[in-house]
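Here are my notes on this model, point by point. Please keep the coordinates open as you read.

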Amino acid sequence: MLGLMQNRPLLISNLVDYVATWHAETEIVSRDPRGVMHRSNYGEVALRAKRLANALEALGIKPGERVATLAWNSWRHLEIYYGVTCSGRVLHTVNPRLFKEQLIYIIDHAENGYVFFDPDFAPLVEQLAPHLPRVAGWIALCEEKDMPAAKVEGLKCYETLLAQASSEYDWPQFDENTACTLCYTSGTTGNPKGVLYSHRSTVLHAFAACAVDGLALSARDSILVVVPLFHANAWSLPFSAAMCGAKLVLPGPRLDPESIYMLLEQEGCTKAGGIPTIWLNFLAYVENNREKLDLTKLKLKLVFSGGTAAPRATIEKFRDLLGVFLLHAWGMTETSPIVTLGAPLSKHDSATPDEIVDMQVRQGRQIFGVELRVADEKGEPLPCDGKTVGQLKVRGNWVISGYFKGEGGKVMDDDGWFGTGDVATINPDGYVQLTDRLKDVIKSGGEWISSIEIENLAVSHPEVFEAAVIAIPHPTWQERPLLLVQPKPGTHPTKESILEFLSTRIAKWWMPDEVIFVESLPHTATGKLLKTELRKKYGGQLAVAG
Ligand code: AMP
């Protein structure tokens, strides 16, 4: 027997209508590339999103067609998020930090007819345009007076397009499985692949993000969105903040610690989301300027951190300097992205501060709506005992079923599990501890050594800014760990001091065979250590037999 409840499609337009009706005055604050503050609100953003929908219609962009952005976090980018998706088109957020060849590949692969770009990307647009004959229009996100002098065909002004369009527009109703956004994985090997989200997956994901053991969002929050709108739907914040009517603070391109601190203080931010490198720099700034700053003015309570592992030292510093809880999250572009979050359980009420940090350094536990397991090489499930290491597999309502245009072939096994390529343990409470990427694991004498764990411990050394561990060949043990260290500015750590620091914290057989000091470490376009490059450069070193 079927239930007798209404069945309304889960559409992003529901979120936008809701927030525009009941939280119209709630602010959307942005800082533009010149540092000028712009204040808008959900009511205005929603109206301008409707103007944009009419403008897209006038440009002849059909439902289902992909519209690209090359843009920082700003109110205009948010309007495009809403206007494009709610009107039935697909928003393709392009990561401007990718290489030129990758940018050309993905804009072409997505068949983008129009690209909305921030004027400071004009030089990049000039380089891309000759290779992208399919792009009919490049729309600069500015007013007519600020139009860049870019030599590209089909250059248009966003504000002029909006001014010419009406704000009268009824969002169309359609199947909730309709595509809404498209993000390409940065992929260190091969071409980037597109992940195509649906309205249904996005709304369900936003519900989970809002939950108290999720990102715990509410109408009383002011959220600093450091994570770029072009990276994995900015962890759902454009949607989940609208779902609960939280204020959004969009920092534009300036992500230096001083700018972040200023926004947190001025805009009364209670929550903020970004990758660990951002927080590392931010905390160093707070520590060095403690005397000058009035920390009591900060209302920050919770910081979401994901993308790479949050080091223990970062978690402790947030607690000790600012009384802030770092909520460690794990996910992937392929999983919308949120899958696990490090919210405490009631048993942690009686835990010591160190035990709480032990919990926080893990990547969190799964939220409802997705399922997670560790599996062996044959795909068989392994015990969740906190010790057994296997590949992390995931399935659920906001997990990929296949890449855009079928690239990469079948991605799920017969039971619908998606292999993440991450290696981890899951403990009996469900907390995940990532140990490596499958392709980065170090196999020494048949046992696995976790590069992530050694890296995390190394950055707890007072003179280490960042660390990377890769495998080097060894005549007896097949592989051994090599530690690469970028010292903190003005410090000169020695190999001995680093190894001594590690020796009390990790098993003897995990100790790196070699430590090399470097000026900087290479990163991908999404801020992850580029280990392929490190392996190319240093992986040929042969560890000393012994
Ligand atoms: P992306 O699709 O660019 O978001 O990258 C997803 C990958 O980032 C995951 O498969 C992990 O390897 C890594 N990652 C994400 N969150 C974390 C985390 N909290 N700790 C360690 N690695 C992470």
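**Notes on helix packing, rings and selected side chains**

1. Helix H11 buries Ala313, Thr314, Ile315, Phe318, Leu321 and Leu322. Buried means under 20% relative accessible area, exposed over 50%, and partly exposed in between, with a 1.4 Å probe and protein chains only. Helices (H or I, at least four residues) and strands (E, at least two) are DSSP runs, numbered from the N terminus. H11 spans residues 312–322. The next residue is Gly323, with a positive phi near 65 degrees.

2. On provenance: this is a predicted model, in which local features need pLDDT of at least 70 and side-chain atom pairs count only at pLDDT 80 or more, while totals for chains, interfaces and linings use all residues. Residues are numbered from 1 along each chain as its sequence is written, and side-chain values use heavy atoms, with hydrogens and water left out.

3. What do the buried residues of H11 pack against? The partners are H10, strand E13 (302–305), strand E14 (325–331) and helix H12 (353–361). Contact here means heavy atoms within 4.5 Å.

4. Now the H10 and H11 pair. Their axes come within 10 Å and cross at roughly 35 degrees. Axes are lines fitted to C-alpha atoms, for helices over the stretch in contact, and angles run from 0 to 180 degrees between N-to-C directions. The crossing is left-handed. That term applies if the near helix is turned anticlockwise from the far one by less than a right angle; clockwise would be right-handed. From H10, Trp279, Leu280, Phe282, Leu283, Val286 and Glu287 take part. They meet Thr314, Lys317, Phe318, Leu321 and Leu322 of H11.

5. H9 is the next helix to check. Its buried residues are Ser259, Ile260, Tyr261, Leu263 and Leu264. Their cover includes strands E1 (27–31), E2 (37–41), E10 (222–225), E11 (247–250) and E12 (271–274), together with H10. Gly268 follows H9 and has a positive phi, near 55 degrees.

6. How many aromatic pairs does a search of the whole structure find? The count is 11. Rings of Phe, Tyr and Trp (its six-membered ring) pair if their centres lie within 6.5 Å; planes under 30 degrees apart count as stacked, over 60 as edge-to-face and the rest as tilted. One of the pairs is Tyr261 with Phe282, stacked at 6.3 Å centre to centre with 25 degrees between the planes. Tyr261 sits in H9 (residues 257–266) and Phe282 in H10 (residues 276–288), so this pair ties together parts 21 residues apart in sequence. Both Tyr261 and Phe282 are buried.

7. Trp279 and Phe318 form an edge-to-face pair, 5.7 Å centre to centre and 70 degrees between the planes. This pair links H10 to H11 across 39 residues. Trp279 is buried because its relative accessible area is 0%. Phe318 is also buried, at 0%. Tyr261, Trp279, Phe282, Tyr285 and Phe318 form one aromatic cluster.

8. Two charges over rings deserve a look. Lys193 lies over the face of Tyr403, 5.1 Å from the ring centre. Arg505 lies over the face of Phe501, at 3.7 Å. The criterion is NZ of Lys or CZ of Arg within 6 Å of the ring centre and within 35 degrees of the ring normal.

9. Is His205 buried or exposed? His205 is buried, with a relative accessible area of 3%. Its helix is H7 (residues 199–210). Leaving aside neighbours within four places in sequence, its contacts are Trp235, Ser236, Thr335, Ser336, Pro337, Ile338 and Trp398.

10. Asp422 belongs to strand E19 (residues 418–426). Its relative accessible area is 5%, so Asp422 counts as buried. Its side chain makes a polar contact of 2.9 Å with the side chain of Trp330. A polar contact is a pair of N or O atoms within 3.5 Å; within protein, one must be able to donate a hydrogen and the other to accept it, and residues adjacent in sequence count only if both atoms are side-chain atoms. Not counting residues up to four places away in sequence, Asp422 also touches Gly390, Gln391, Leu392, Leu434, Asp436 and Arg437.

11. Last, Glu514 in strand E25 (residues 514–517). At 27% relative accessibility, Glu514 is partly exposed. A polar contact of 3.3 Å joins its side chain to that of Lys495.
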